[in-house]
Amino acid sequence: MTGPDAEKQALAATTVHSNLGNLEIQFATSDDEFASLLKSSLFQSVLA
Amino acid sequence: MLFRQKNSSDQLATVGIAQGQFAVQEITASFRKQKLKPTIVRTNKVYPLVKTSMVACFVDPSTMVFGTPDAVRVAPDARDGAAPSLLTNAPMMDAMKSVDTEPLSCRYGMDFQHGVHLNLSIETGATSSPQLSPRSSMRPSPCER
């Protein structure tokens, strides 16, 4: 997989679990990494 | 939230909007202790977040807008009626109406105490009666659909 470090770290920090009809998504990161993620092309393209 | 800063421009800006019960007085006291001076936008105070080069503004006691200075600068404009808001965007409002008819509901919580933590639960309607259970350590902010 190619992409900036901020995007890879964001994907690695995201977990997804499903339990019957309940889908749970959890994400945790540092202040600095979150700031980088907001500026990443992945984040921009997801919201566009 | 992603938006165009000007009608004639393709340049996009991003702001984050966090809702919850914030200890605004304590937070602003901490800013003052760090000698961080806010930029005043009418009655709104926009504070710099030194570690991230972003800024933050409490537009009311339960709503914080954060992002780059240029992006956050226009958020109070929209809230105060000085710039068009989402409510004037007919295509977006129509899209939100269609979402309201879908059998989904979600709850999420965000915690900014140590980095950024997000927990999101989505009820898909695939089973009879799953119960949503936001983490107790989070401030739940319902976004029922």
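Residues are numbered from 1 along each chain as its sequence is written, and chains are lettered from A in the order in which they are written. Because this is a predicted model, local features need pLDDT of at least 70 and side-chain atom pairs count only at pLDDT 80 or more, while totals for chains, interfaces and linings use all residues; side-chain values use heavy atoms, with hydrogens and water left out.

Let us start with confidence. The predictor gives the complex an ipTM of 0.80 and a pTM of 0.51. Over residues 128-145 of chain B, however, pLDDT stays under 50. Where pLDDT is low, the predicted coordinates should not be read in detail.

Now look inside. A nonpolar core is a set of buried Ala, Val, Leu, Ile, Met, Phe, Trp, Tyr and Cys residues joined through side-chain atoms within 4.5 Å, where buried means under 20% relative accessible area (1.4 Å probe, protein chains only). The largest such core has 16 residues, and A:F34, B:M64 and B:F66 have the most contacts inside it. Two or more residues each come from α2 (31-38) of chain A and from β5 (54-60), β6 (63-67) and β7 (105-111) of chain B; these helices (H or I, at least four residues) and strands (E, at least two) are DSSP runs, numbered from the N terminus. The most, four residues, come from α2(A).

In that helix, A:F34, A:A35, A:L37 and A:L38 are buried. They cover an arc (of the directions from the helix axis to the C-beta atoms) of only 160°, so they lie on the same side of α2(A). From chain B, B:F66 is in contact (heavy atoms within 4.5 Å) with residues including A:F34, A:L38, B:V15 and B:F112, leaving aside neighbours within four places in sequence.

Next, find B:P76 in helix α2 (residues 69-79) of chain B. This proline is buried, with a relative accessible area of 1%. Beyond four places in sequence, B:P76 touches B:V41, B:R42, B:N44 and B:C57. Its C-alpha atom is separated by 7.0 Å from that of B:V59, 17 residues apart along the chain.

Finally, α2 of chain A also supplies at least two residues of the lining of the second largest pocket, as do α1 (24-33), β4 (44-49), β5 and β6 of chain B. The largest share of that lining, four residues, comes from α1(B).

How values were computed. Buried means under 20% relative accessible area, exposed over 50%, partly exposed in between (1.4 Å probe, protein chains only). pLDDT is the predictor's confidence in each residue, from 0 to 100.
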